[in-house]
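Please read it alongside the model.

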Amino acid sequence: MKTMTFLRASLKTGLGVLLLSSLAQAAALPTNLNWTSGPDAPLFADKNAKQGGVYNLRLSTFPLTFRTIGPDSNGSFRPFLLDGQPGLLQMHPNTREYLPSLATEWAFDDDQKTVYFKLDKTARWSDGADISSADFEFLFEYMRSDNAKAPWYKDYYTNSITGITVYDEDTFALHSADRLPQDDLLARLGATPRPKHFYPDGLPENFIKRYNWKAEPVTGPYVLGKVKKGKSIEFVKVKDWWGYNNPYYQNRYNVDRVRLKIIRDQDVSMKHFEKGSIDAVPMLFPSIWHNQAKGPLYDKGFIEKSWLFNNTPQGATGIWLNLENPLLKDANVRKGLTHAMNVDKMIETALFGDYVHLQSFGSGKGVYDHPNMQAKLFDPKLAAEYFAQAGYDTLDRDGIRINAQGERLVLVMNYQSKIHSARTTVLREEAKKAGLDLQLNLAEGATGFKAALEKKHQAVFLGMGAGMKPVYWQYFHSANAKPQTNNFTNYQDSEMDKLIDAYDSEFNVEEKAKLSHQIQEKIMACDCFIPTYSVPYTRLAHWRYVRLPNTLGVGLSTALADESGFEYGLFWLDEDMKKETLKAKKSGQSFPVVNRVEKHGAESL
């Protein structure tokens with residue numbers, strides 16, 4: 001194993017002088033490396049895209065912080081700050097091959113743990129400072145700092161990515177704790193730097209408070225602009241963004257400004273949309289797509305509807321039960337709950353049959369998905385039997401089960417969006433058939449998610465994102481069963497810890513898949529997570545001047561026009577078409593109705 005050295009040299013100064021005193025500690029760069037710039041993959045952005053314009057979107061709640069790490073940072077605003085930021089590499093959204101980004105070349109070490117990177121010499125932070133090896137070195141100090149109060153990141157940058165060796169201002173190696181296949185190794189080590197110059201003295205002890213409303217310089221195309229607290233947030237295009245030197249970033253991120261307007265109520269936001277003060281609205285929710293996205297503006301072609309069936313992995317969406325709650329410590333209660341939730345009826349009625357019943361802890365991960373796992377079906381009779389074994393063996397006059405002390409069987413379930421009210425109401429009404437009083441508590445946006453992070457819930461109706469492969473540590477490892485983490489169930493089990501540790505370090509794909517299956521079996525056996533649904537598509541309603549590629553999106557599109565955060569930036573605004581649309585609206589002219597449905601990469605159906 002190579003010796004890993006942290007270097008604290010000033011790699012780039014105002015005079016461009018490279019200090020070599022610390023660099024001399026690093027071993028010489030191996031001379032036998034096979035450098036690559038990735039495959040000659042097809043471009044996926046539309047060459048017809050136009051630059052310019054102001055894009056208006058809705059944000060449901062004002063964020064609790066502009067930090068992307070630490071308490072309160074993991075909310076719906078975070079994708080606008082973080083997800084569009086180029087790291088060392090980018091994944092082709094159709095072929096899933098790795099392409100250059102901050103790194104123009106990379107090479108693998110024979111140890112199957114180390115990857116060498118050469119940075120794009122034109123890469124700049126949004127404030128104009130060079131991006132260098134020093135920023136990747138600082139990444140470790142940043143993520144490992146106790147002042148960041150981010151235990152998941154601290155663990156990841158200690159026990160998964162173990163260190164960095166710097167060779168010069170643009171060349172370094174990152175080291176994995178485990179041997180991994182090349183694609184897995186790139187997925188782990190394809191990091192995004194942190195701006196060392198923005199923290200001249202490192203992360204201060206009061207980092208959380210001091211930097212709560214200070215946005216960092218970014219590697220990406222948009223930087224935080226004008227902010228009106230509680231009202232709006234604006235992002236501004238970085239002037240002469242370095243990324244356009246890369247052919248895979250050309251014809252992307254086309255608008256000049258993105259303005260997020262804080263509109264808490266979904267119905268109110270639809271009124272803003274129909275007035276034209278918002279340009280596009282995500283339409284994942286069936287109730288909006290089928291019930292609200294209709295009327296004269298659609299019939300006259302002013303607003304278009306676009307539906308793309310994608311190829312994205314699906315995260316864990318379901319009901320997370322807090323095992324530290326006295327009621328939920330009883331395994332029989334949890335077993336009863338799994339059979340008291342009529343997920344199929346919820347999908348059929350409240351979701352118009354558009355969603356798919358999720359069978360386990362996420363889906364779409366290939367060999368890592370358990371081939372035989374099935375979610376437990378609604379069976380109020382069986383649920384009642386389990387509740388009776390837990391002591392809730394009689395009914396009160398309302399049909400709710402009670403125990404010998406006269407305590408009713410009550411479960412309070414938090415949910416985070418008003419749009420979920422119809423679906424959770426179905427679950428509540430159906431649960432009565434099993435004698436369960438399912439009480440619903442709407443805790444919206446960042447506030448509701450904070451309550452889940454701090455484990456201030458009995459049950460929470462919640463969906464999480466997904467990567468190319470399952471991740472388990474953050475959700476089910478004992479070390480993460482603490483406040484301000486994603487272990488929403490407070491799950492703690494030493495055998496599970498061993499499985500997760502083995503899964504994270506396993507090199508062989510077949511063995512890793514077997515471990516994944518065992519982990520999923522334990523999750524489902526615990527009955528602390530009740531899977532609900534997956535969403536195999538993305539949909540958008542947008543004014544006709546918001547233009548999309550011929551294929552609407554790409555295989556990994558989770559949004560069509562960056563309506564939920566900076567993703568691929570494939571859309572653009574046609575200012576001439578906007579003038580035409582506004583003029584026609586006043587004169588009574590109409591356009592053809594446009595309702596597009598596309599399979600990934602297919603022609604319009």
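In helix α13, the buried residues are G445, A446, G448, F449, A451, A452 and L453. Buried means under 20% relative accessible area, exposed means over 50%, and partly exposed lies in between, with a 1.4 Å probe and protein chains only. K455 follows α13 and has a positive phi, near 65°. Helices (H or I, at least four residues) and strands (E, at least two) are DSSP runs, numbered from the N terminus.

The model is predicted: local features need pLDDT of at least 70, side-chain atom pairs count only at pLDDT 80 or more, and totals for chains, interfaces and linings use all residues. Residues are numbered from 1 along each chain as its sequence is written, and side-chain values use heavy atoms, with hydrogens and water left out.

**Helix pairs**

Axes are lines fitted to C-alpha atoms, for helices over the stretch in contact, and angles run from 0 to 180 degrees between N-to-C directions.

| Helix pair | Angle | Axis distance |
|---|---|---|
| α2 (residues 133-144) and α3 (residues 151-160) | about 135° | 8 Å |
| α9 (residues 331-340) and α11 (residues 380-389) | roughly 165° | within 8 Å |
| α15 (residues 494-505) and α16 (residues 509-526) | roughly 150° | within 9 Å |

Angles under 35 degrees count as roughly parallel, over 145 as roughly antiparallel, 65 to 115 as roughly perpendicular, and the rest as oblique. A crossing is left-handed if the near helix is turned anticlockwise from the far one by less than a right angle, and right-handed if clockwise. Contact means heavy atoms within 4.5 Å. For residue classes, Ala, Val, Leu, Ile, Met, Phe, Trp, Tyr, Cys and Pro count as nonpolar, Asp, Glu, Lys and Arg as charged, and the others, Gly among them, as polar.

Take α2 and α3. They are oblique to each other. α2 passes α3 in a left-handed crossing. On the α2 side, L139, F140, M143 and R144 meet Y153, K154, Y157 and T158 of α3. That contact divides into 5 nonpolar, 1 polar and 2 charged residues.

Next, α9 and α11. These two are roughly antiparallel, and their crossing is left-handed. α9 contributes N332, V333, K335, G336, L337, H339 and A340, while α11 contributes P380, L382, A383, Y386, F387 and Q389. By class, the residues of the α9 contact with α11 are 8 nonpolar, 4 polar and 1 charged.

Last, α15 and α16. They are roughly antiparallel to each other. Their crossing is left-handed. E495, M496, L499, I500, A502, Y503 and D504 of α15 meet K512, L515, S516, Q518, I519, K522 and I523 of α16. This contact has 8 nonpolar, 2 polar and 4 charged residues.

**The whole chain**

The secondary structure comes to 17 helices and 25 strands. The chain has a radius of gyration of 25 Å, which agrees with the value near 25 Å for a compact globule of 605 residues. That radius is taken over C-alpha atoms, and the globule rule is 2.2 Å times the number of residues to the power 0.38. Along the principal axes, the C-alpha atoms fill a box of roughly 80 × 70 × 45 Å. Buried residues make up 55% of the 605. Among contacts between residues at least 6 apart in sequence, 72% join residues at least 24 apart.

**Two buried residues**

Y55 sits in strand β1 (residues 54-59). It is buried, with a relative accessible area of 1%. Y55 and V258 are 203 residues apart along the chain, yet their C-alpha atoms are separated by 4.8 Å. Not counting residues up to four places away in sequence, Y55 touches V255, R257, V258, R259, D279, A280, V546, A561, E563, F571 and L573.

E567 lies in the loop between β23 (546-547) and β24 (572-573). E567 is buried, with a relative accessible area of 18%. Leaving aside neighbours within four places in sequence, its contacts are R252, Y253, L556, S557, T558, A559 and D562.
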